[in-house]
Amino acid sequence: MLGGDGVMRFIDSTSEITAASGYLFDYLVVNAADTTIETLTDENNVSLVEEWGLTSKNLSPGILLIGKNGARIRAVKVTDGSVIGYQSRDYGNLRV
């Protein structure tokens, strides 16, 4: 189990999560080989794609992506492949 009593959400190129959606993920796990991510923004509006140099990079399954300094992730756009987002119930931010 990825953790606690939260929920997991599958995110691929057909299921973009925008900042306005209200989702706040504790972390993401890369689910498929050669996953590329166009947008990855934490709750402090930090672009993690730029911060970590992920532009046009292929990510491997099992890589864990967490917001900078423990911030939760609020926006995700996957170009190829998929990730699984984990959202805990601890912060009262649960969206199903």
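**Fold, core and aromatic pairs of the predicted chain**

Of the 96 residues that make up the chain, 41% are buried, a term that stands for a relative accessible area under 20%, with exposed meaning over 50% and partly exposed the range in between (1.4 Å probe, protein chains only). The model is a predicted one, in which local features need pLDDT of at least 70 and side-chain atom pairs count only at pLDDT 80 or more, while totals for chains, interfaces and linings use all residues. Residues are numbered from 1 along each chain as its sequence is written, and side-chain values use heavy atoms, with hydrogens and water left out.

The chain holds 1 helix and 6 strands, where helices (H or I, at least four residues) and strands (E, at least two) are DSSP runs numbered from the N terminus. Read from that end, the elements follow the order β-β-β-α-β-β-β. Among contacts (heavy atoms within 4.5 Å) between residues at least 6 apart in sequence, 76% join residues at least 24 apart. The accessible surface comes to about 5200 Å², and carbon and sulfur atoms account for 47% of it; these areas come from the Shrake-Rupley method with a 1.4 Å probe, and for residues only the protein chains shown count as cover.

An open sheet is formed by 4 strands in the order 1-6-2-4, with antiparallel pairing; two strands pair if DSSP finds at least two bridges between them. Strand 1 and strand 4 (64-65) are the edge strands, each pairing on one side only. Strand 2 and strand 6 run antiparallel and are joined by 4 bridges. Leu28, for its part, has Gly85 in strand 6 as its bridge partner.

Leaving aside residues up to four places away in sequence, Ile37 touches Val49, Leu54, Leu59, Leu65, Lys77, Val78, Thr79 and Val83.

The structure holds 2 aromatic pairs, counted when ring centres of Phe, Tyr and Trp (its six-membered ring) lie within 6.5 Å; planes under 30 degrees apart are stacked, over 60 edge-to-face and the rest tilted. The ring centres of Tyr23 and Phe25 are 5.7 Å apart and their planes are at 0 degrees, so this pair is stacked. Tyr23 is buried at 8% relative accessible area, and Phe25 is buried at 1%. Tyr27 and Tyr86 form a stacked pair too, with 5.2 Å from centre to centre and 20 degrees between the planes. This pair links distant parts of the chain, as Tyr27 in strand 2 and Tyr86 in strand 6 (residues 82-87) are 59 residues apart. Tyr27 is buried at 15% relative accessible area, and Tyr86 is buried at 6%.

Finally, there is Thr14, in the loop between strand 1 (7-12) and strand 2. Thr14 is exposed, with 69% relative accessibility. Its side chain joins that of Asp12 through a polar contact of 2.7 Å; a polar contact is a pair of N or O atoms within 3.5 Å, where within protein one must be able to donate a hydrogen and the other to accept it, and residues adjacent in sequence count only if both atoms are side-chain atoms. Thr14 and Ser82 are 68 residues apart along the chain, and 9.7 Å separates their C-alpha atoms.
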